[in-house]
Amino acid sequence: MKTALHSCVVIFSLAALWPAEANSDLLLPTRLIKNESASFYTKQDVCDHSKKTAPDKKAAMVIVKTHYCDKSSKVCLKTTALVADPANHFVHDNFSVYQSRFESQRREIVNSGETSIRDEWEKDDSGPEYYIVDVQSCKILFRDYAYSVYQQGMYEANSAGTHLNFEANYRAMRHLLLQDESVRNILGNKYEHLNETQIRAELARSEEIRQLHAQKSLAEVLDAVDIQDIESGLQYEQSK
């Protein structure tokens with residue numbers, strides 16, 4: 001009986017690790033979760049999972065964020081929209097991607113494991129933050145706030161505010177990460193930080209991918225992440 005129960009827990013835990021496939025136009029990050037049914041939140045969990053599922057990738061991108069602001073500035077939601085876009089091949093070619101989420105549309109996720117995740121990643125505020133982890137040594141090579149690239153246009157949207165401006169976002173994330181020597185090194189120094197010719201070639205490839213995968217609106221991304229919550233067995237606080 002104990003073995004059977006253990007097997008059920010393991011199966012549920014593994015199911016919670018996979019990105020939601022709400023549609024083929026989003027590649028949602030794998031969720032960090034800590035509760036009675038699933039435990040996937042430590043740096044070692046990330047490194048082991050990345051080495052098993054993406055052995056060609058040397059680095060993981062972990063985005064620790066709360067989603068407290070998704071009804072106002074939408075910083076966390078916009079960060080998810082950026083990394084989940086298949087056209088962002090800079091992310092998907094180079095990193096296994098993971099994220100946290102503690103709230104949905106001002107409803108607390110009561111079994112997300114917020115305290116455990118915050119403690120593990122030494123995160124004591126609400127600003128979304130990027131961590132780049134060497135999956136072999138399991139050491140954090142780089143961390144910085146998404147806010148730090150506002151001035152680069154990272155969260156610039158179209159005139160209606162419904163979709164991100166992809167080029168501005170792509171350039172900003174690339175700038176944020178490649179300014180760091182350790183990130184350039186773990187990617188094999190194949191990217192030059194400010195090489196405009198290289199950037200334009202990358203954007204041309206993004207446009208080819210865009211012909212196959214439509215850009216999703218922020219509302220559609222939010223719906224997809226909510227579906228991921230349900231598939232992962234996460235529960236929302238009841239509305240007051």
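Strand E1 (30–31) and strand E5 (residues 95–99) pair in the parallel sense over 2 bridges, where helices (H or I, at least four residues) and strands (E, at least two) are DSSP runs numbered from the N terminus, and two strands pair if DSSP finds at least two bridges between them. Within this pair, Thr30 stands opposite Tyr98 of E5. The structure is a predicted model, in which local features need pLDDT of at least 70 and side-chain atom pairs count only at pLDDT 80 or more, whereas totals for chains, interfaces and linings use all residues. Residues are numbered from 1 along each chain as its sequence is written, and side-chain values use heavy atoms, with hydrogens and water left out.

E1 and E5 belong to an open sheet of 5 strands with mixed pairing, in the order E1-E5-E4-E8-E9. Because E1 and strand E9 (139–145) stand at the edges and have a single partner strand each, one side of each is left without a neighbour in the sheet. Helix H2 (residues 43–53) lies across E1, strand E4 (59–64), E5, strand E8 (129–134) and E9, and runs at about 140 degrees to E5; axes are lines fitted to C-alpha atoms, for helices over the stretch in contact, and angles run from 0 to 180 degrees between N-to-C directions.

The axes of helix H3 (residues 75–84) and helix H9 (residues 218–231) come within 10 Å and cross at roughly 90 degrees. H3 and H9 are therefore roughly perpendicular to each other, a term that covers 65 to 115 degrees, with angles under 35 counted as roughly parallel, over 145 as roughly antiparallel and the rest as oblique. In this packing, Leu77, Lys78, Thr80 and Ala81 of H3 meet Leu218, Val221, Leu222 and Val225 of H9, contact being defined as heavy atoms within 4.5 Å.

The axes of helix H6 (residues 166–178) and H8 come within 11 Å and cross at roughly 130 degrees, which makes H6 oblique to H8. The contact is formed by Phe166, Glu167, Tyr170, Arg171 and Arg174 of H6 together with Glu196, Gln198, Ile199, Arg200, Glu202, Leu203, Ser206 and Arg210 of H8.

His193 is located in the loop between helix H7 (181–186) and helix H8 (196–210). Apart from its neighbours within four places in sequence, His193 is in contact with Arg174, His175, Leu178, Gln179 and Ile199. The side chains of His193 and His175 are joined by a polar contact of 3.2 Å, that is, a pair of N or O atoms within 3.5 Å of which, within protein, one must be able to donate a hydrogen and the other to accept it, residues adjacent in sequence counting only if both atoms are side-chain atoms.
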